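Hi,

Here is the structure for you to look over. My notes follow below it.

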Amino acid sequence: MGILAGKKVVIIGDRDGIPGQAIAACATSAGAEVVFSSTECFV
Amino acid sequence: MKSVIKGASYILAHTPDMVLHNGTTQTTERIVNPDSEYLKELPGHIRSYEQVLSYWPNQVYIGNKTPDELAAVEQPWYDKTCDVSDRYGKFGQIMPQEEFLLLMQACDVFDLVKLDSAFVAAHKPALAQNPVMDESILARIGDGIDGAEIARLVSEEHSEGLYHNGALVGCVNRAHDIDVNLSAHVMHENIVSKASSVLALLSAVHTTGISKDEVEYVIDCCEEACGDMNQRGGGNFAKAAAEIAGLSNATGSDARGFCAGPSHAMIEAAALVESGAYKTVVVTAGGCTAKLGMNGKDHVKKGLPILEDMIGGFAVVVTQNDGVNPEINLEILGRHTVGTGSAPQAVISSLVTDPLERAGLKVTDIDKFSPEMQNPDITKPAGAGDVPLANYKMIAALAVKRGDIAKADLAKFTTEHVLTGWAPTQGHIPSGVPYIGFAREDLLAGKITRAMIIGKGSLFLGRMTNLFDGVSFVIQKNAGSNAPAGVSEEEVKGLIAKAMKEFAATLLAQAD
Amino acid sequence: MDLENQKRVKEFAEQYGPENVVVLLGAAEGEASGLAAETVTNGDPTYAGPLTGVQLGLRVYHVCEPEIKQEFDPAVYDDQVSMMEMVLDVDDIVNEMTSIREQYCKY
């Protein structure tokens with residue numbers, strides 16, 4: 001069984017890494033439910 | 001006719017006490033963890049004015065050292081001393097805190113900034129020596145008030161303290177008893193932004209030699225908001241700063257877009273000039289107190305000095321085409337649109353390769369890319385990596401994908417078309433624009449023919465949208481310019497020498 | 001990690017049960033990934049946020065880690081992340097994340 005399918009996913013993206021929305025698209029494609037997506041900024 | 005870059009100014013103000021009292025990392029820590037080790041250790045990591053003067057990236061920012069010279073210095077830079085430690089540079093200056101506090105008072109028109117009379121007396125002569133300050137500014141500085149009254153204002157009237165070397169030397173009063181948008185905290189933040197923008201405007205007038213009366217329009221692109229509770233972001237920083245700077249013929253407005261603000265503002269300025277609406281437009285921004293010491297916890301933990309102790313500012317003068325200065329080419333504009341999405345490759349494509357594609361150009365047709373020029377000395381220890389380098393890797397990867405460069409030439413691309421970051425992490429300040437001053441010089445000298453300025457902005461931080469943003473534009477050699485096309489004298493000499501050697505070799509071979 | 005984000009992670013773990021929550025990170029390098037992962041497993045190492053001293057032990061992965069990447073639709077990953085993956089030091093990220101999970105992950 002996979003790690004993500006059927007799970008609630010919380011996303012902490014990074015402006016200078018991978019942004020939240022991009023991760024959300026991936027997580028959804030794996031059958032997870034994205035309950036929160038945020039993108040942090042250190043600059 | 002395309003507009004041109006007449007010149008640019010870049011200024012810094014060293015504000016170590018504001019790191020402690022106004023940076024949000026520190027103010028937040030004081031609320032959630034007042035007895036923390038970080039707050040105890042922090043004062044021991046504050047740099048002196050002499051240290052910030054001899055800090056390599058700062059000397060690049062004001063134009064005394066070039067990005068290429070910086071790139072040749074091994075990182076990290078915080079433990080190295082630059083061989084130039086001048087306060088003034090060709091683009092601007094590094095102002096010490098005491099003068100900056102006086103300038104803040106000069107920029108306050110609502111009698112909100114109060115300074116200790118002894119402090120004013122001790123430091124006003126130094127400000128008077130500053131070559132960009134004129135009588136109109138100095139005349140705005142009052143005699144100051146009694147120190148005891150300042151202490152009372154801070155303890156009883158919610159005033160925001162102004163400190164120098166740890167001592168309370170002044171305060172910013174609230175402009176309203178109830179309105180949070182006019183609180184002492186907000187007024188302090190806004191007056192710092194305004195004062196640093198004024199210093200940038202004065203420096204731009206000074207470095208370009210334009211007459212103050214020539215400026216018809218000013219666009220401010222900082223990330224603060226001014227207004228009262230009925231119009232929180234009403235504006236207008238641009239006109240407020242132009243007033244103090246003595247740009248009497250100018251009006252202006254504020255452009256906002258987080259870190260992408262300066263690039264948006266530059267495109268708007270170029271469009272206003274190219275259309276003929278205004279002859280001279282200045283794009284400016286002051287700095288941000290909130291971001292002082294933003295990554296301080298990581299810096300202290302790793303034994304580094306607090307490197308985010310500088311308030312930044314800049315101004316770019318955009319004028320009608322003079323046949324000499326570099327042009328802003330509005331035919332090559334990159335736009336991150338609503339539909340672009342947030343995938344890093346989509347963002348860079350929209351800003352870099354899409355506009356080049358539309359213009360029939362290759363990635364290698366741009367001699368220098370200036371994306372987000374954050375100083376890696378600051379960002380690497382904080383876990384954000386080397387931001388310009390990450391941008392360059394993405395651009396290079398896209399260039400390979402497009403077939404603009406062969407995979408074998410990747411290394412060459414990442415040495416020739418790139419810059420090493422030198423700008424303080426003041427949000428909008430590092431975003432694309434720090435290179436405009438050097439780009440103008442490199443284009444005038446014929447070292448390069450095209451530079452791309454790229455601004456990116458994290459709109460999602462405002463919680464109004466999840467979208468990212470960005471725009472880019474190209475600065476190019478003036479079509480009417482007689483500057484040599486991309487080949488320096490040294491290069492010509494080198495080429496001739498090589499040809500002569502080959503000729504000699506052929507002769508020798510024939511003689512054999 | 002941002003204090004508001006810590007608060008949300010804590011709330012979601014309470015609402016859905018920590019065993020049902022997976023945290024995905026997009027940090028730019030290994031150390032930052034490790035710190036964020038530590039925050040949602042062993043508590044905020046900077047002692048600043050709502051997760052200070054809270055050992056949620058959540059499952060946490062960086063989006064570029066092979067074991068999580070294989071669950072995504074390859075076309076989506078290719079569009080959204082693949083090029084940034086080339087820019088990041090994935091080995092360093094994987095090492096940091098694996099170490100944190102081995103120490104603190106409860107699920």
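A:Gly13 has A:Thr39, in E2(A), as its bridge partner. This is a predicted model: local features need pLDDT of at least 70, side-chain atom pairs count only at pLDDT 80 or more, and totals for chains, interfaces and linings use all residues. Residues are numbered from 1 along each chain as its sequence is written, and chains are lettered from A and ligands numbered from 1 in the order in which they are written.

Strand E1 (residues 8-14) of chain A pairs with E2(A) in the parallel sense, over seven bridges. Strands are DSSP runs (E, at least two residues), helices likewise (H or I, at least four), numbered from the N terminus. Two strands pair if DSSP finds at least two bridges between them.

The sheet is open and has four strands, in the order E2(A)-E1(A)-E1(C)-E2(C), with parallel pairing. Its edge strands are E2 (33-40) of chain A and E2 (59-62) of chain C; each pairs on one side only. Neighbouring strands are turned by 20° against each other on average, direction ignored. Angles here run from 0 to 180 degrees between N-to-C directions, with axes fitted to C-alpha atoms, for helices over the stretch in contact.

Helix H2 (residues 30-39) of chain C lies across E1 of chain A and across strands E1 (21-25) and E2 of chain C. H2 runs at about 160° to E1(C). Contact means C-beta atoms, placed from the backbone, within 7 Å.

Chain C has six helices and two strands. Their pattern along the sequence is α-β-α-β-α-α-α-α. Its C-alpha atoms fill a box of roughly 35 × 25 × 25 Å, taken along the principal axes.

Best wishes

Definitions and conventions: Contact = placed C-beta atoms within 7 Å.
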